[in-house]
Amino acid sequence: MKKLIVAAFCLFSIGINAQMQEEKILEDGTHVITYVPRNFTKEELDFMRPRRIPTTEQLMANPTIPFSNSCMNKLEGNFNKRVDEDTSLAKVCENYFLEHVNANFHVKENEHVRFRQIWTLQESILNYNHLDLSESFIEGIRSQHLQDAFGKNCKFYCHEFQHNGKYYVVAVLND
């Protein structure tokens with residue numbers, strides 16, 4: 001009887017996962033997995049978009065991809081905002097990093113963003129749980145009461161830097 005109950009539970013959970021997950025292959029051959037929880041409203045689902053799954057080569061070249069995807073998904077899910085990755089914020093990330101490691105360097109006034117966060121890590125972000133880091137990013141926004149300060153469309157960018165044997169991850173959010 002126990003085996004029958006365990007088997008029924010396994011089939012039930014597999015069925016739920018199959019309904020909540022959809023895998024697509026885009027025209028360029030990349031795989032995209034979309035998770036669609038049933039408890040989201042239509043408006044929330046309109047804001048959520050699938051993120052690209054990086055190849056090993058892409059991940060080695062840019063280790064912040066999983067963290068970036070996680071942050072953007074959490075921002076969309078928690079704050080009901082449309083979040084796009086904006087590579088034009090790369091220079092701003094670099095300037096905030098330089099300001100963080102060099103007290104004589106200052107970010108220009110026209111380069112400020114609404115929210116930024118910098119993590120100092122002992123090793124590359126690949127070795128950290130990106131879900132925990134993205135949750136700390138959300139908590140940083142909440143602690144400063146900025147969740148309502150952004151418009152419906154936000155721009156996000158993050159980058160990892162290495163300096164003096166330490167790794168720094170800079171994440172910026174702007175609208």
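Glu135 is partly exposed, with a relative accessible area of 29% (buried means under 20%, exposed over 50%, partly exposed in between; 1.4 Å probe, protein chains only). The model is predicted, so local features need pLDDT of at least 70 and side-chain atom pairs count only at pLDDT 80 or more, while totals for chains, interfaces and linings use all residues. Residues are numbered from 1 along each chain as its sequence is written, and side-chain values use heavy atoms, with hydrogens and water left out.

A salt bridge is a side-chain nitrogen of Lys or Arg within 4 Å of a carboxyl oxygen of Asp or Glu; the count is 3. Glu135 pairs with Lys74 at 3.2 Å, N to O. This pair links distant parts of the chain, with Lys74 in helix α4 (residues 65–79) and Glu135 in helix α6 (residues 130–143), 61 residues apart (helices are DSSP runs of H or I, at least four residues, and strands are runs of E, at least two, numbered from the N terminus). Asp175 and Arg114 form another salt bridge, at 2.8 Å, N to O. Asp175 lies in the segment after β6 (166–174) and Arg114 in the loop between α5 (90–101) and β4 (115–121), so the pair ties together parts that are 61 residues apart in sequence. Arg142 also forms a salt bridge with Glu139, the closest N and O atoms being 3.3 Å apart; both residues lie in helix α6, 3 residues apart, about one turn of the helix.

The number of disulfides (cysteine sulfur atoms within 2.5 Å) is 0. The sulfur of Cys71 has its closest cysteine sulfur in Cys158, 6.4 Å away, too far for a bond. Cys71 is buried at 0% relative accessible area, and Cys158 is buried at 2%.
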